[in-house]
Amino acid sequence: MATDWLKQAVPQSLQLHPYIPGKPITQMLRELGLDETQIQQRSSTTVKLASNENACGVPPKAVAAIQKAACEVNRYPDGDCFDLKQILAQSHSIKKEQLLIGNGSNEVLELVIRCFAGATDEVVYSQRGFIVYALATTAAGATGIAVPEQDGFGHDLEAMLSAVNANTKIVCIANPNNPTGSLLKTNALQAFLDKLPNHLVVVLDEAYYEYVADDIEDSIHALTHPGLIVSRTFSKAYGLAGCRIGYVVAHEGLLSVVNRFREPFNVNMLAQQAAIGALADKAWVLDKVKQCKEERIRLEAALESLGCLAAKSYGNFVLLKHTKSLVLVKELEEKGVIVRPLSPYGMPDILRVSVGTVSENNAFLKAFNEVLL
Ligand SMILES: Cc1ncc(COP(=O)(O)O)c(C=O)c1O
């Protein structure tokens, strides 16, 4: 008789469901029933606006750094990411020991949750906060406390505070939040931190920080709490989603514990060199952030004029509201545009549309106007 492996696995496996990422272009075309030749023909005209990537490409200096490092991948990477940490420490005016680099910021978020929350512990996050907090908490065997948002979009800090009790070990906040696009201002966050016990770990996930750098203060220096962990990534504004690299900044004592959970060579050599290259290409990054924000304003205005804007977003994506949103997803895919349904987050009416290049956004607006007819 075949073994029921789910029964053999740790009990929390029963509650876990794999993360559903934005649909890759080839997968969507395969699902439409196209053969390999048709997929090849259609893929260059298909637009993926489903994973909040940087649609403008890769910073040229990162490309050059990857090409140069390619001939050295017979060696293991530097497990400590010394050179990258040195540059980040300098640019953030912090000590190298206050940094931990991961295979995407996702890895570090998971390491932190695994390190500080186990059975009988609780992790508090917003109900429509980034879904990885709930997944990592369940995987760690801890209990997730999902706090509803008052308006359906933004963190309810008062309610999150009330959810903290003697079992709470970690509080997670994404700012701006994905998928709701909401933003908390620096003074609101500091007032919240002031009321939290000092022994708590507070994850402040700033994957979209570069898009709000003009709206809030730099949390790494403006916010204080002994357990504060600020997380950033190279996947969004820095255009390196495919490399998988991100990092956190926190007290060195806290990170020395998390570091025990890290696998020896968690960040590959190409990713480390790409990040160094991208940091040297600041002007490119800032230019693309500016372009993305202009396009976000244009997309939101267009959605608003159609009566389909769900809420203002501070990330590199916009939120579309329509009662037939799941039908629209399919119709948009048939017209070559992939967007992200938010039904897994309990928002069946809302689609998340990443900001693309000008021509990709035009393609989305054209297709959307057509499917609305
Ligand atoms: C809020 C938030 N945090 C973290 C991540 C993980 O990013 P990465 O692992 O690519 O650094 C994402 C990715 O979409 C995100 O939206």
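What share of the contacts in the protein with a separation of 6 or more comes from residues 24 or more positions apart?

1. The answer is 73%. The structure is a predicted model, and the points below should be read as a description of that model.

2. Overall make-up. The protein has 15 helices and 13 strands. Its radius of gyration is 21 Å, close to the 21 Å from the globule rule for 373 residues, so the protein is as compact as a globular protein of that length. The C-alpha trace spans about 60 × 55 × 50 Å along its principal axes. Of the 373 residues, 47% count as buried.

3. An open sheet is formed by 7 strands, in the order 2-8-7-6-5-3-4, with mixed pairing. At its edges are strand 2 (99–102) and strand 4 (143–147), each of which pairs on one side only. From one strand to the next, the twist averages 20°.

4. Strand 2 pairs with strand 8 (residues 246–249) in the antiparallel sense, over 4 bridges. Within this part of the sheet, Gly102 stands opposite Gly246 in strand 8.

5. A helix on the sheet. Helix 6 (residues 105–116) packs on the sheet and touches several strands, among them strand 2, strand 3 (122–126) and strand 7 (228–233). The direction of helix 6 makes about 155° with that of strand 7.

6. Around the ligand. There are 13 residues around the ligand, and Gly104, Asn106, Asn178, Thr233 and Ser235 come nearest. By class, the shell holds 8 polar, 4 nonpolar and 1 charged residues.

Terms used. Residues numbered from 1 in each chain as written. Predicted model: local features only at pLDDT ≥ 70, side-chain atom pairs only at ≥ 80, totals over all residues. Near = placed C-beta within 6 Å. Nonpolar A, V, L, I, M, F, W, Y, C, P; charged D, E, K, R; others polar. Pairing = 2+ DSSP bridges. Helix = DSSP H or I, 4+ residues; strand = E, 2+ residues; numbered from the N terminus. Axes fitted to C-alpha atoms, helices over the stretch in contact; angles between N-to-C directions. Contact = placed C-beta atoms within 7 Å. Rg over C-alpha atoms; globule rule 2.2 N^0.38 Å. Buried ≥ 20, exposed ≤ 12 C-beta atoms within 10 Å, placed from the backbone.
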